[in-house]
Amino acid sequence: MKKRLASLLLLISLQASAGIQVGETRVIYNGNQKSAALSIHNDTDETWMVQTWLDNGDASKTPANLPMQVIPPILKLAGNKDAILRFIYSGNGLPGDRESVYWINVQEIPPSAKQENVLQIAVRTRVKLFYRPTTVKTTLLKEAEALTWRKQGNDLVVTNNGPLHVTFGVLTLKGSGGKTWKTEADMVKPMASLRIALPAGASAANNLSFTFINDYGGHTEIKDTRIQ
């Protein structure tokens, strides 16, 4: 019985792994370009269908009439082959003084199972798409360094006065005597603030270091930032 259960779990695990792989963890669409692109790859030997669309951050909703479109919205991808998704901005509807963000959805549709009693799970991958207008001349590193931090009650508040989104990795808060606390945060939007719950005891912190995700999907560290 145990061997049969183990075999079933292994089969489910194999069937649940993503067959369609995406080439990047984020896409930067510069306003001086006609389009942006994302490569996808069929990592199996069989032909799969792929459906693609954009959303505003709510994975449960598919908004209509967005000023950004993905082409093609559906495609057939042969085994071990690549395809390119293209993103095209209509030219109207997005602010010109700051970056905008959408989420790219890549929904795989696997072929019918050739065996009976096989559980197939179609994996959906979501990747951020950042549209950066031509009027935005700064860099993500400069904007991450310019963030301001302050404590407010049991929260740490980070304020972004710049035009770019900053997505955080790990925050390391530091107090006197070398005491440190680690926590995580999400993304602070342009011209906005983000509240982050302070770890227990971290109200004594007066300095922090943090990582943010750069344009290439890697992590860049900013050290020794003062907490007001």
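These are my notebook entries on a predicted model of one chain.

I number residues from 1 along each chain as its sequence is written, and side-chain values use heavy atoms, with hydrogens and water left out. In this predicted model, local features need pLDDT of at least 70 and side-chain atom pairs count only at pLDDT 80 or more, while totals for chains, interfaces and linings use all residues.

**Whole chain.** I looked up the secondary structure and found 2 helices and 17 strands. Both are DSSP runs numbered from the N terminus: helices are H or I, at least four residues, and strands are E, at least two. Along the principal axes, the C-alpha atoms fill a box of roughly 60 × 55 × 25 Å. The chain has 228 residues, and 40% are buried (under 20% relative accessible area, with exposed over 50% and partly exposed in between; 1.4 Å probe, protein chains only). I then checked contacts (heavy atoms within 4.5 Å). Of those with a separation of 6 or more, 64% join residues 24 or more positions apart.

**Cores.** I looked for nonpolar cores, meaning sets of buried Ala, Val, Leu, Ile, Met, Phe, Trp, Tyr and Cys residues joined through side-chain atoms within 4.5 Å. The largest has 25 residues, and W149, L156, F168, L171, L173 and F210 touch the most other members. At least two residues each come from α2 (140–145), β11 (155–160), β12 (166–174), β15 (192–197) and β16 (207–213). β12 gives the largest share, 4 residues. I followed L171: beyond four places in sequence, its contacts include W149, L156, I196 and F210, and also K182 and T183. A second, separate core has 24 residues, among them I20, L38, L77 and V106.

**Second largest pocket.** I read its volume as about 190 Å³. A pocket here is an open set of points on a 1 Å grid over the protein atoms alone, where a 1.4 Å probe fits, with protein on both sides within 12 Å along at least five of seven lines; lining residues have an atom within 4 Å of a point. The volume is the space filled by probe spheres set on the points. Of 15 lining residues, L54, L66, M68, Q69 and V70 are closest to the centre. β4 (48–55), β5 (68–71) and β7 (82–89) each give two or more.

**N56.** I found N56 in the loop between β4 and β5. Is N56 buried or partly exposed? N56 counts as partly exposed because its relative accessibility is 49%. Beyond four places in sequence, N56 contacts P63, L66, Y102 and W103. H219 is 163 residues from N56 in sequence and 24 Å away, C-alpha to C-alpha.
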